[in-house]
Amino acid sequence: MTPRLPYPITLTGDGIILREWRDDDLDDLVALLDEPAIARWTPMPSPFDHEAGVAYLKRARQGRLNASRIQLAITTDGGKPLGEVLLFGVDAGLREAELGYLVGALHRRRGLAAGSLSLLSSYARSTLDLGRLLLRIDPGNTASTGVARRCGYRLTGEPPILQEGPYGPSSLDTWELVSAGGSTRQQRLRNFAARRYGRR
Ligand SMILES: CC(C)(COP(=O)(O)OP(=O)(O)OC[C@H]1O[C@@H](n2cnc3c(N)ncnc32)[C@H](O)[C@@H]1OP(=O)(O)O)[C@@H](O)C(=O)NCCC(=O)NCCS
């Protein structure tokens, strides 16, 4: 079961404006995503060229129009994109979704990822009524685990997700938002049981 996610949206707070991607972001998008850390830690194609950028913006637009995901450019003023934060894999039955983020190399260590993740997490909790918010992170990605911790996410005991990529086998840990209003132990057990017994 997938809810219809609102579109378009703008989320504002803490010196950050999250806005929808636009077609004229293409050159900035390519400059942000054609970068070694993004190639290493995300499923983006590498090199990330003009063609990859066109396909990416098209997919982002489709995901917004069919209301299956939220994919927002991170800006400080509504203008130039400096990164991206997204929400996807929504399961309305389990009231859960996964989030992700990336920030361009020139704009890191300014709190943009943490601020953006916090903004979108709050929106997911309060407006979308999603109780269980998840991140999947390679344990070697210390920048990303730092962002997760700073935003109130904690490692769950779920088994790592094993995957094969261009850098060989790797695994992703599952992190969950556990700050005030987070899911209770009872909810987590219920969700775990639901997944085991085939509700997704
Ligand atoms: C992970 C990433 C999004 C972090 O973006 P950012 O805007 O630089 O992160 P923030 O400035 O919000 O950092 C928040 C906290 O995370 C930690 N952190 C961020 N980058 C770090 C790094 N390179 N090394 C260690 N800790 C780091 C710090 O605790 C930081 O707080 P501080 O700066 O006050 O010490 C960015 O490095 C990136 O885009 N990496 C490639 C893509 C990626 O890995 N995406 C996540 C996939 S799961």
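**Exercise 1. The chain as a whole**

Among contacts in the protein between residues at least 6 apart in sequence, what percentage join residues at least 24 apart? State also the secondary structure, the buried share and the accessible surface of the protein.

Solution. The model is predicted, so local features need pLDDT of at least 70 and side-chain atom pairs count only at pLDDT 80 or more, while totals for chains, interfaces and linings use all residues. Residues are numbered from 1 along each chain as its sequence is written, and side-chain values use heavy atoms, with hydrogens and water left out.

Step 1. Contact means heavy atoms within 4.5 Å. Of the contacts between residues at least 6 apart in sequence, 63% join residues at least 24 apart.

Step 2. Helices (H or I, at least four residues) and strands (E, at least two) are DSSP runs, numbered from the N terminus. The protein has six helices and nine strands.

Step 3. Buried means under 20% relative accessible area, exposed over 50%, and partly exposed in between (1.4 Å probe, protein chains only). Of the 200 residues, 48% count as buried.

Step 4. Accessible areas come from the Shrake-Rupley method with a 1.4 Å probe; for residues, only the protein chains shown count as cover. The protein has an accessible surface of about 10,600 Å², and carbon and sulfur atoms hold 53% of it.

**Exercise 2. The surroundings of strand β9**

Which strands are joined to β9 by bridges, and in which sense do they run? Why is β9 described as largely enclosed?

Solution. Two strands pair if DSSP finds at least two bridges between them.

Step 1. Strand β8 (residues 161-165) is joined to β9 (residues 168-177) by five bridges, and the two run antiparallel. I161 has L172 of β9 as its bridge partner. With two residues between them, β8 and β9 form a hairpin.

Step 2. Strand β6 (residues 132-137) also runs antiparallel to β9, with four bridges. Here L135 stands opposite W175 of β9.

Step 3. Strand β7 (residues 153-155) pairs with β9 over three bridges, again in the antiparallel sense. Y153 has L177 of β9 as its bridge partner.

Step 4. β9 is largely enclosed by the rest of the structure because eight of its 10 residues are buried.

**Exercise 3. The ligand shell**

Solution. A residue is near a molecule or strand if one of its heavy atoms lies within 4 Å of it.

Step 1. There are 21 residues around the ligand, and Y101, V103, R109, G111 and N141 come nearest.

Step 2. At least two shell residues come from each of α2 (36-41), β5 (96-103), α4 (112-126) and α5 (142-150). α5 gives the most, with five residues.

Step 3. By type, the shell divides into 11 nonpolar, five polar and five charged residues. Ala, Val, Leu, Ile, Met, Phe, Trp, Tyr, Cys and Pro count as nonpolar, Asp, Glu, Lys and Arg as charged, and the others, Gly among them, as polar.

Step 4. A backbone N or O atom of V103 is 2.8 Å from an oxygen atom of the ligand. For R110, a backbone N or O atom is 3.3 Å from a ligand oxygen atom. For R150, a polar side-chain atom is 2.9 Å from a ligand oxygen atom. On its own the ligand has 920 Å² of accessible area, of which the protein covers 77%.

**Exercise 4. Backbone details and one glycine**

Solution. 

Step 1. Y7 and P8 are joined by a cis peptide bond with omega of about -5°; P8 is in the segment before β1 (11-13). S46 and P47 are joined by a cis peptide bond with omega of about 0°; P47 lies in the loop between α2 and α3.

Step 2. D14, which is not a glycine, has a positive phi of about 55°. D14 is in the loop between β1 and β2 (16-20) and is exposed, at 75% relative accessible area.

Step 3. A67, which is not a glycine, has a positive phi of about 60°. A67 is in the loop between α3 and β3 (70-75) and counts as buried, at 3% relative accessibility.

Step 4. G63 belongs to helix α3 (residues 50-65). G63 counts as buried because its relative accessibility is 4%. Leaving aside neighbours within four places in sequence, G63 is in contact with S68 and R69. G63 and L5 are 58 residues apart in sequence, and their C-alpha atoms are 9.7 Å apart.

Note on methods
Polar contact = N/O pair within 3.5 Å; in protein donor to acceptor, adjacent residues only side chain to side chain.
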